[in-house]
Every structure is written in C-alpha cells, then in structure tokens.
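I opened this notebook to keep track of what I looked up in one protein model, entry by entry.

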Amino acid sequence: RGHQLTDAEGRFELLTVRPQRYAAMGVFRTPHIHVKAQGPGTRMLTTQLYLPDEQGDNARDTIFHESLLMTRQENDGSAQRARFDFVLASA
C-alpha cells in the first residue's frame, strides 16, 4: 500500500514485487495489481491491472478484462517493466 504522486505531465512509476496467482473461496485469480487513481477534480477510479505475460491465467480468471491489460515494456534483465495509461473522468 502506498501513494504515488505524478509529475507535471501526469506520469508516475511504481516499483513492486511481481504478484502471484491465487484462489480464494473457490475463485481463481490471475496475478494482478489493485489500483486507485484520482486527479484534481476527477472521480476516484478503482480497478485492477493485469500482466501481459499471463495469458493462460488471465483466460481462467472470470474477473479479468482485456482493457485492463498492461503493455509490456523492454526489460533490463533484472526487472520487468509494463505500462498502463489511465484516463480519469471529471467529477
């Protein structure tokens, strides 16, 4: 948990551990990252982002939605990078 602030152009970077799949109360979940995003004068967006290299697990997860799939970026060998562009609605 934590807060990320953006730069003047609305960009931010989140460094985290890679999430793992799990099952809870009989429901399978693909690896995902929970996100809440809000800008000045916008409504709070609560969503989940999905990993681009988990096609098999993503297909098994009934909550998965392709529009929330991050875009894989070039890796440097020690870390994996992905991108997602948020569009927030005015309040």
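**Salt bridges**

I looked up Arg-81 and found its side chain in a salt bridge with that of Glu-13, at 3.3 Å from N to O; the term stands for a side-chain nitrogen of Lys or Arg within 4 Å of a carboxyl oxygen of Asp or Glu. Arg-81 lies in the loop between β5 and β6 (82-83) and Glu-13 in the segment before β1 (22-24), so this pair ties together parts that are 68 residues apart in sequence. Arg-81 is partly exposed, with a relative accessible area of 46%, while Glu-13 counts as exposed at 56%; I use buried for under 20% relative accessible area, exposed for over 50%, and partly exposed for what is in between, with a 1.4 Å probe and protein chains only.

I note for the whole entry that this is a predicted model, in which local features need pLDDT of at least 70 and side-chain atom pairs count only at pLDDT 80 or more, whereas totals for chains, interfaces and linings use all residues. Residues are numbered from 1 along each chain as its sequence is written, and side-chain values use heavy atoms, with hydrogens and water left out.

Next I checked the salt bridge between Asp-85 and Arg-83, where the N to O distance is 3.1 Å. Arg-83 is partly exposed, with a relative accessible area of 46%. I also found Arg-18, Asp-53, Glu-54 and Arg-72 joined into one network by salt bridges that share partners. Arg-11 forms a salt bridge with Glu-9, the closest N and O atoms being 3.5 Å apart, and both of these residues are exposed. A search of the whole structure gives 10 salt bridges.

**Rings**

How many aromatic pairs does the structure hold? I count three, where rings of Phe, Tyr and Trp (its six-membered ring) pair if their centres lie within 6.5 Å, and planes under 30 degrees apart count as stacked, over 60 as edge-to-face and the rest as tilted. The rings of Tyr-50 and Phe-64 have their centres 5.0 Å apart and their planes at 75 degrees, so I record this pair as edge-to-face. The pair links distant parts of the chain, with Tyr-50 in strand β4 (residues 45-50) and Phe-64 in the loop between α1 and β5, 14 residues apart. Tyr-50 is buried at 1% relative accessibility, and Phe-64 is partly exposed at 22%.

I found one aromatic cluster formed by Phe-12, Phe-84 and Phe-86. Arg-60 lies over the face of Phe-28, at 3.9 Å from the ring centre; the criterion for a charge over a ring is NZ of Lys or CZ of Arg within 6 Å of the ring centre and within 35 degrees of the ring normal.

I then turned to Asn-58, which sits in helix α1 (residues 55-60) and is buried, with a relative accessible area of 4%. Leaving aside neighbours within four places in sequence, Asn-58 is in contact (heavy atoms within 4.5 Å) with Thr-30, Tyr-50, Leu-51, Phe-64 and Leu-69.

Leu-69 lies in the loop between α1 and β5 (71-72) and is partly exposed at 26% relative accessible area. Leu-69 and Leu-49 are 20 residues apart in sequence and 5.9 Å apart in space, C-alpha to C-alpha.

Which residues make up the largest nonpolar core? I list Ile-33, Val-35, Leu-49, Leu-51 and Met-70, a nonpolar core being a set of buried Ala, Val, Leu, Ile, Met, Phe, Trp, Tyr and Cys residues joined through side-chain atoms within 4.5 Å.

Last, I looked up the chain as a whole, which has one helix and six strands, running β-β-β-β-α-β-β from the N terminus on; helices (H or I, at least four residues) and strands (E, at least two) are DSSP runs, numbered from the N terminus. The C-alpha atoms fill a box of roughly 40 × 35 × 25 Å, taken along the principal axes. Buried residues make up 24% of the 91 residues.
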